Amino acid sequence: MSDTENQTPENCTHDCSSCGASCSSRHDPADLIATPHEGSLIKNVIGVLSGKGGVGKSAVTELLAVRLAAAGYHVGILDADITGPSIPKAFGLTERAVGDETTIYPVQTRSMNIDVMSINLLLDNPSDPVVWRGALIGGTVRQFYTDVLWKDIDYLLVDMPPGTGDVALTVFQSIPLDGIVVVTTPQDLVSMIVGKAIKMAGLMNIPVLGLVENMSYVECPDCGKKLEIFGESKVDAVAEEYDLPVLAKLPIDPNLTSAVDVGAIESYSNETVLSEIDRAIDKLK
């Protein structure tokens with residue numbers, strides 16, 4: 001029997017043309033979708049994805065969560081970036097998540113009662129590395145959906161790891177995403193990699209809701225001029241190529257970095273950034 005005939009749900013790409021007739025994963029892709037905890041009620045699930053690291057994907061997730069919560073929605077964040085979890089730090093969460101034999105309970109943020117589940121909320125020391133292979137990481141992400149009590153959630157945001165590897169595939173296969181938001185920056189290289197993420201979503205039949213360009217420019221504090229330090233924006237061309245909306249163009253703001261570093265993302269107050277996020281949310285609804 002060939003290797004492709006021994007494929008499992010964790011490594012299946014849904015490209016059945018490469019599989020033998022007895023492939024263990026040859027069934028309706030819907031069969032792979034995980035069942036949430038019996039007490040969970042989740043109305044909308046949105047993944048936040050980037051083709052590569054370092055583009056501010058987690059910051060965009062955090063800002064979307066904060067502005068949705070400010071608008072009166074009950075929000076949850078499933079931190080699927082197992083080897084690089086940053087969500088708890090941004091919200092100043094230091095307590096550990098608790099659970100029992102059947103349930104893991106998310107930790108709520110202090111100001112806006114956003115439910116958060118992250119591997120750093122389960123570690124004795126948040127600075128300890130997670131040195132796991134892909135299958136174990138993927139299984140943990142799946143458990144964050146099936147074993148965590150996501151109670152009365154209007155929007156569950158999934159902060160996905162960068163790239164298009166095992167964990168992204170696990171999220172696409174096992175969590176019923178209503179769509180994804182793709183985060184990019186102005187450089188040509190990043191725009192090319194964004195195309196890979198968009199095409200992966202298409203292969204998995206996951207709608208791409210739109211693009212967010214982060215680090216689009218920096219505003220001069222003296223004259224207010226917008227300086228494109230990473231070069232001219234490419235997001236409009238990418239959006240046109242793939243027939244997608246541009247949800248937001250976010251400037252570089254050192255105060256955002258400071259807010260994340262001290263766990264105060266809920267009190268971040270740059271009106272330019274927040275108004276862009278609000279416009280993005282209006283387009284997502």
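Reader: Where do R279 and E276 lie?
Author: Both are in helix α8. They sit 3 residues apart, about one turn of the helix. Helices (H or I, at least four residues) and strands (E, at least two) are DSSP runs, numbered from the N terminus. This is a predicted model, where local features need pLDDT of at least 70, side-chain atom pairs count only at pLDDT 80 or more, and totals for chains, interfaces and linings use all residues. Residues are numbered from 1 along each chain as its sequence is written, and side-chain values use heavy atoms, with hydrogens and water left out.

Reader: OK, what does R279 form with E276?
Author: A salt bridge. The closest N and O atoms are 2.3 Å apart. The term means a side-chain nitrogen of Lys or Arg within 4 Å of a carboxyl oxygen of Asp or Glu.

Reader: Is E276 buried or exposed?
Author: E276 is buried, because its relative accessible area is 16%. R279 has 41%, so R279 is partly exposed. Buried means under 20% relative accessible area, exposed over 50%, and partly exposed in between (1.4 Å probe, protein chains only).

Reader: How many salt bridges are there in the whole structure?
Author: The search finds 6. One of them joins the side chains of D81 and K57, at 3.8 Å from N to O. D81 lies in the loop between β2 (75–79) and α2 (87–91), and K57 is in helix α1, so the pair ties together parts that are 24 residues apart in sequence.

Reader: Are D81 and K57 buried or exposed?
Author: Both D81 and K57 are buried. They also belong to a network of salt bridges that links K57, D81 and D159.

Reader: And R67, which side chain does it meet in a salt bridge?
Author: The side chain of D278, at 2.9 Å from N to O. This pair links distant parts of the chain. R67 is in helix α1 and D278 is in helix α8, 211 residues apart. R67 is partly exposed, because its relative accessibility is 22%. D278 is partly exposed too, at 27%.

Reader: So at what angle do α1 and α8 pack?
Author: About 75°, with the axes 10 Å apart. That makes α1 roughly perpendicular to α8. Axes are lines fitted to C-alpha atoms, for helices over the stretch in contact, and angles run from 0 to 180 degrees between N-to-C directions. Under 35 degrees counts as roughly parallel, over 145 as roughly antiparallel, 65 to 115 as roughly perpendicular, and the rest as oblique.

Reader: Which residues of α1 and α8 meet?
Author: From α1, they are L63, L64, R67 and L68. From α8, they are V273, L274, I277, D278, I281 and L284. Contact means heavy atoms within 4.5 Å.

Reader: New topic. Where is Y155?
Author: In strand β7, residues 153–159. Y155 is buried, because its relative accessible area is 9%.

Reader: What does Y155 touch?
Author: Leaving out residues up to four places away in sequence, Y155 touches N44, I46, L68, Y73, H74, V75, G76 and K285. The C-alpha atoms of Y155 and A65 are 8.3 Å apart, though 90 residues separate the two along the chain.

Reader: What about K151, where does it lie?
Author: In the loop between α3 (134–146) and β7. Its contacts, apart from neighbours within four places in sequence, are G39, L41, H74 and D115. K151 and G39 are 112 residues apart along the chain, yet their C-alpha atoms are separated by 6.6 Å.

Reader: How many residues of helix α4 are buried?
Author: 8 of its 9 residues, so α4 (166–174) is mostly covered. Among the buried ones are V167, L169 and F172.

Reader: And the surface: what do L227, I229 and F230 form?
Author: A nonpolar patch, with about 250 Å² of accessible area together. Patches are made of residues with over 30% relative accessible area and no salt bridge; like charges are joined within 9 Å, nonpolar side chains (Val, Leu, Ile, Met, Phe, Trp, Tyr) within 5 Å. Accessible areas come from the Shrake-Rupley method with a 1.4 Å probe, and for residues only the protein chains shown count as cover. F230 is in the loop between β11 (226–227) and α6 (235–242). F230 is partly exposed, because its relative accessibility is 32%.

Reader: Last one. How many helices and strands are in the chain?
Author: 8 helices and 12 strands. Buried residues make up 50% of the 285 residues.
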